[in-house]
Amino acid sequence: MAFDGITVAAVVKELNQELSGGRVYKIAQPEADELLVTIKNHSGQRKLMLSADASLPLIYLTQDSKQSPMTAPAFCMLLRKHLQNARIVGFEQPGLERVVRMTLEHLDEMGDLKRKDLIIEIMGKHSNIILVDENNRIVDSIKHISGMVSSVREVLPGKDYFIPKTQEKADPLMVTENEFFIGRTGGMSNHPVYKALYGGYTGLSPAVASAICERAGVNPEQDTASLQGADREALWQAFSKVMGQIKKGEYSPCIYYENNVPAEFSAIDLLIFGEKKSYESISLLLQEYYAEKNKIVRIRQRSGDLRRVVQTAIERTAKKYDLQDKQLKDTKKRETYRIYGELLNTYGYSAEPGAKELEALNYYTDEMVKIPLDSTKSATENAKKYFEKYNKQKRTFEALSTLIQETKKELEHLESIGMSLELARNEDDLLQIREEMVDCGYIRRKGKEKRTKRTGKPLHYLSSAGFHIYVGKNNYQNEELTFQMANGGDWWFHAKHAPGSHVIVRTEGKELPDIVYEEAASLAAYYSKVREQDKAEVDYTQRKNVKKPANGNPGMVIYHTNYSMVAVPKIGHLRQIED
């Protein structure tokens, strides 16, 4: 979800309620493009996070602290000089722009009361934090933008500050019904309605624009030119209702989840997503949402080296498998060569000298066949040549029949490790996966590096009928879950013919309701390589029917008695238990 103008409006309302009248106590710059401002007011100390990071610009109240560098950066020192102990007058947002103007009053060196604004621009790669004086002239900024970088606006000390009008968008809070129909939405004919909304009005994200269409009962992808009278009226009513909520400051911050993973957030209820978690504070929402997102990003970054090793091994093994498969297919003619040799030994006497072929009766099929001959050789020599080809291809077939199965198992194992990396939730999971890769020879153990102690745990869910369901996140967890934690009477689930998790339902001697089978199968489908499909086939059987083959890789099992069912890889309705 974009940090859109509506989210900024909710943040501004909260900051006015929580910080207006307070005084700046501390200013720190823990990162090159980030400020942490501590403010004292009647309720104690509050911390305001300001970030102009190009990939994740933010502004919200936080309880977290970050270590600052030993020597404060120049911009931080300048802010301390101008704003230390300054009183916060309030926060403003121009229209629904992604801009927050924090107005402060302070005493200068002469003891005169002065007013300055700290402006936070939440604009993606153009984000910035700018200090301006009472004449709206830039004192300094956390990022300097020269004319060589931007032809639209320079952000340098001494320059006048203004919000760049790089996109001609209208203020949605000021638009009238007539302007709405003939202006922005009407002027973008042959565009989908939701694109006309967020492309024509400031502060609207694609998700909010789609939600407005959904509320109006209008297909978001419908062309604006094809909107009929009733649909246009319904769209205006939905649009004006949302704008009315913003004008009144009626926000309902919430995070929307898809399969227990944060998918979107909004300052207003979008009503187009299912599972959601509501918050009283937009700052708390932003802190939790981005903490969860950062956790996922951090794990992906830390698993980067492992991913590269696995991907390289998969590509190498896949090439080897394709080559072996081609070579195996090339041996299909071996029996033909044997028959040719036998037929030449039987009928070769009838071949004329210098002949290029011999037509003879194949006594295995009672059909006539034409046998190609080397005209420079006798029938006996041609027969010998065919037997040599047969014996060579026979040896190749026998060797490859074993090798290709081993290569296929190795490829499946590597793909399962790749899937484990997708499912990793924390450092312990990554350590377990790395240990498996070391054990299997894909990574060398460093020097005197000791074997890692396994501390990662399977995922734990509670079915709607009260049964406990466990999901392994990697091969070691799968093996431990199936062969150590589960009992023979428990039920075991796995996506059919796809790398994925072992899923165990603890029965505790009870009969499982049908809904539990469906929920466990959904978990097996979701935590597998087929999770993006609408439906997936899942095998299931009692744990006692699952065996580990001799010399099998971690997590590899075999089973011969099983059932199958089609499952939908959606698990948002299931409750996960944090052990």
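These notebook entries record what I looked up in the structure.

**Basis.** I worked from a predicted model, in which local features need pLDDT of at least 70, side-chain atom pairs count only at pLDDT 80 or more, and totals for chains, interfaces and linings use all residues. Residues are numbered from 1 along each chain as its sequence is written, and side-chain values use heavy atoms, with hydrogens and water left out.

**Sheet.** I took helices (H or I, at least four residues) and strands (E, at least two) as DSSP runs numbered from the N terminus, and strands as paired if DSSP finds at least two bridges between them. I found an open, antiparallel sheet of seven strands in the order β20-β19-β17-β18-β16-β15-β21. β20 (563–567) and β21 (575–576) each have a single partner strand, so one side of each edge strand lacks a neighbour in the sheet. I then looked at β16 (residues 468–471) and β18 (residues 503–505), which pair in the antiparallel sense over three bridges. In this pair, Tyr 470 is opposite Ile 504 of β18.

**Helices on the sheet.** For contact I used heavy atoms within 4.5 Å; axes are lines fitted to C-alpha atoms, for helices over the stretch in contact, with angles from 0 to 180 degrees between N-to-C directions. Helix α12 (residues 475–485) touches β16, β17 (491–495) and β18, and its direction makes about 140 degrees with that of β16. Helix α13 (residues 514–526) also packs on the sheet, with β15, β19 and β20 among the strands touched; its direction makes about 40 degrees with that of β17.

**Cores.** I defined a nonpolar core as a set of buried Ala, Val, Leu, Ile, Met, Phe, Trp, Tyr and Cys residues joined through side-chain atoms within 4.5 Å, where buried means under 20% relative accessible area with a 1.4 Å probe, protein chains only. The largest has 81 residues, of which Leu 48, Ile 59, Leu 197 and Phe 239 touch the most other members. Helix α1 (residues 5–19) supplies the largest share of this core, eight residues. Beyond four places in sequence, the contacts of Phe 239 include Pro 172, Phe 180 and Leu 197. A second, separate core of 31 residues includes Leu 423 and Tyr 461.

**Hairpin.** I noted that β13 (residues 357–362) and β14 (residues 367–372) pair in the antiparallel sense over six bridges. Glu 357 is opposite Pro 372 of β14. The hairpin has four residues between the strands, and Asp 366 takes a positive phi near 60 degrees.

Notes:
Buried means under 20% relative accessible area, exposed over 50%, partly exposed in between (1.4 Å probe, protein chains only).
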